[in-house]
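Come along and check each entry for yourself.

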Amino acid sequence: MLTPVILKHCSKFRFLRFSNFARSIASFLDPALGLSEEQLQVQKIAQEFSSKEMFPNMAEWDEKEIFPVEILRKAAALGFGAIYSSEKYGGSGMTRLDASIIFEALSRGCVSTTAYITIHNMAVWMIDHYGNEEQKKKWLPKLSTMEHFASYCLTEPNSGSDAASLSTTAKKEGDYYILNGTKAFISGGGESDIYVLMARTGQSGPKGISCLVVEKGTPGLSFGKKEKK
């Protein structure tokens with residue numbers, strides 16, 4: 001009867017020792033290792049911006065639930081508003097690796113603000129990659145400078161990780177789609193000007209889901225209370 005207990009304790013001990021070892025190694029890793037000269041320069045710019053503009057304000061932003069518009073626009077002025085979107089409409093034309101380097105550096109100053117910047121960039125890229133020329137001309141220039149902000153709307157009250165089960169619908173009537181549904185935990189919700197939204201236009205499952213762009217001020221669009229996160 002003692003054997004299972006002894007084995008359990010031994011396994012736990014080995015796991016803890018390995019975890020501590022891994023953490024000690026990770027603490028010595030240099031985030032600049034393996035980067036090109038250009039990437040090092042971008043990393044330095046992001047780190048300096050993070051230290052100067054984000055870190056001193058991080059606690060106040062979180063405590064008072066501030067959406068730091070001016071700081072975000074300063075980040076966009078450095079090219080961080082559309083990092084891996086094409087340059088034609090104001091994007092920086094960089095790679096996903098470049099974006100990861102930038103986000104890692106920015107997160108040292110404020111994780112939650114950086115998280116929003118990643119979401120904004122994702123929404124901008126979706127329009128840049130999948131939108132038609134008319135849509136790109138209309139939305140991308142102001143999104144790239146963060147004169148306008150964007151949010152990504154997938155999660156719903158009853159569908160999170162199981163995204164294919166979302167229930168928001170979009171039914172076409174003439175030249176328009178009529179949307180019905182509720183989204184939840186939307187970063188930038190109520191602040192953003194553009195909402196890249198997933199809705200069901202067809203069959204059940206992932207193949208029946210389409211992406212629509214909804215502008216702030218669209219009739220019927222409303223926002224609930226802010227969530228404590």
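Here are my entries, from the whole chain down to single residues.

**Entry 1: the whole chain**
I noted at the start that this is a predicted model. I then looked up the secondary structure and found seven helices and five strands. Reading along the sequence, I wrote down the order α-α-α-α-α-α-α-β-β-β-β-β. The chain has 229 residues, and 34% of them count as buried.

**Entry 2: Asn-121**
Is Asn-121 buried or exposed? I looked up its relative accessible area, which is 1%; buried means under 20%, so Asn-121 is buried. I located Asn-121 in helix α6, which covers residues 111-130. Its side chain reaches the backbone oxygen of Phe-80 at 3.0 Å. Setting aside neighbours within four places in sequence, I listed contacts of Asn-121 that include Phe-80, Gly-81, Ala-82 and Phe-103.

**Entry 3: Met-58**
Next I turned to Met-58, in helix α3 (residues 58-64). With a relative accessible area of 26%, Met-58 is partly exposed. Which residues does Met-58 touch, leaving aside its neighbours within four places in sequence? I found Gly-109 and Cys-110. I also looked up the C-alpha atoms of Met-58 and Pro-68, which are ten residues apart along the chain, and they are separated by 9.8 Å.

**Entry 4: aromatic rings**
How many aromatic pairs are there? I got a count of five. One of them is Tyr-116 with Phe-149, edge-to-face, at 6.3 Å centre to centre and 65° between the planes. This pair links distant parts of the chain: Tyr-116 is in helix α6, while Phe-149 is in the loop between α7 and β1, 33 residues apart. I saw that Tyr-116 and Phe-149 are both buried. Trp-125 and Tyr-130 also form an edge-to-face pair, at 5.8 Å centre to centre and 85° between the planes. Here I noted that Trp-125 is partly exposed, at 21% relative accessible area, whereas Tyr-130 is exposed, at 63%. Going back to Tyr-116 and Phe-149, I found that they form one aromatic cluster with Phe-67.

Technical notes. Residues are numbered from 1 along each chain as its sequence is written. This is a predicted model: local features need pLDDT of at least 70, side-chain atom pairs count only at pLDDT 80 or more; totals for chains, interfaces and linings use all residues. Side-chain values use heavy atoms; hydrogens and water are left out. Helices (H or I, at least four residues) and strands (E, at least two) are DSSP runs, numbered from the N terminus. Buried means under 20% relative accessible area, exposed over 50%, partly exposed in between (1.4 Å probe, protein chains only). A polar contact is a pair of N or O atoms within 3.5 Å; within protein, one must be able to donate a hydrogen and the other to accept it, and residues adjacent in sequence count only if both atoms are side-chain atoms. Contact means heavy atoms within 4.5 Å. Rings of Phe, Tyr and Trp (its six-membered ring) pair if their centres lie within 6.5 Å; planes under 30 degrees apart count as stacked, over 60 as edge-to-face and the rest as tilted.
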